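Visitor: Please take one part of this model and go through it closely. I would like the surface first, then whatever lies around it.

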Amino acid sequence: MSESWSPTVRRLLAVAAVVVTLEAAAVIALAVADLASIDGGRIAIGVGVAVFFLLYGGMQLVAAVLLLRGRAGARGPIVATQLLQLLIAWSLRDVDADVLVIRHLPLGAGLAAILVLVCVLAPPVNRAIAEREATDGV
């Protein structure tokens, strides 16, 4: 992260990066669980979904690291994944599940997405990135 950035900007980006890293870990864990539960009748679908989740989680991890390093280009993929996560959370808002975690998962995912969006799109972050791009010619 750029040393010239204010502590507020560094904190906002660090919070966003931590939340995105936790989301990536959850997606990768879901991929591993999917691979572990593949049975003979759904090998192609199970492997395909697991590979997609692994790539998606890996991309989130890379974006989180790049965000911590102050790379403005990491914000685009992070914003896209958070908007997608908001849509998924909204579509799952009426899940009727007996498991408490699954019932509250859409709310947690939606709140996490909102937190990340607020952090990466905050005015101090926008100013810091714009100043960096102007001086570095990025």
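Guide: Start with the nonpolar surface patch of about 590 Å², built from Val32, Leu35, Ile43, Val47, Val51, Leu54 and Leu55. The model is predicted: local features need pLDDT of at least 70, side-chain atom pairs count only at pLDDT 80 or more, and totals for chains, interfaces and linings use all residues. Residues are numbered from 1 along each chain as its sequence is written, and side-chain values use heavy atoms, with hydrogens and water left out.

A patch takes residues with over 30% relative accessible area and no salt bridge; nonpolar side chains (Val, Leu, Ile, Met, Phe, Trp, Tyr) are joined within 5 Å, like charges within 9 Å. Areas are Shrake-Rupley values with a 1.4 Å probe, and for residues only the protein chains shown count as cover. A salt bridge puts a Lys or Arg side-chain nitrogen within 4 Å of an Asp or Glu carboxyl oxygen.

H1 (7–36) and H2 (43–68) each give the patch at least two residues. H2 provides the largest share, five residues. Helices are DSSP runs (H or I, at least four residues; strands are E, at least two), numbered from the N terminus.

Look along H2. This helix has 26 residues and spans 37 Å from first C-alpha to last, close to the expected 38 Å. The expected span is 1.5 Å times one less than the number of residues.

Now pick out Leu55, a patch member that sits in H2. Leu55 counts as exposed because its relative accessibility is 61%; exposed means over 50%, buried under 20%, partly exposed in between. H2 has a buried set too: Gly46, Ala50, Tyr56, Gly57, Gln60, Ala63, Ala64 and Leu67. An α-helix has 3.6 residues a turn, so residues three or four places apart point the same way.

Next, the rings. The whole structure holds two aromatic pairs. Phe52 and Phe53 form a tilted one, 5.9 Å centre to centre with 50 degrees between the planes. Rings of Phe, Tyr and Trp (its six-membered ring) pair with centres within 6.5 Å; planes under 30 degrees apart are stacked, over 60 edge-to-face, the rest tilted. Phe52 is partly exposed at 49%. Phe53 is also partly exposed, at 22%. Ring pairs join Phe52, Phe53 and Tyr56 into a cluster. Tyr56 is one of the buried residues of H2.

Finish past the end of the helix. Gly70 follows H2 and has a positive phi, near 80 degrees.

Key. Buried means under 20% relative accessible area, exposed over 50%, partly exposed in between (1.4 Å probe, protein chains only).
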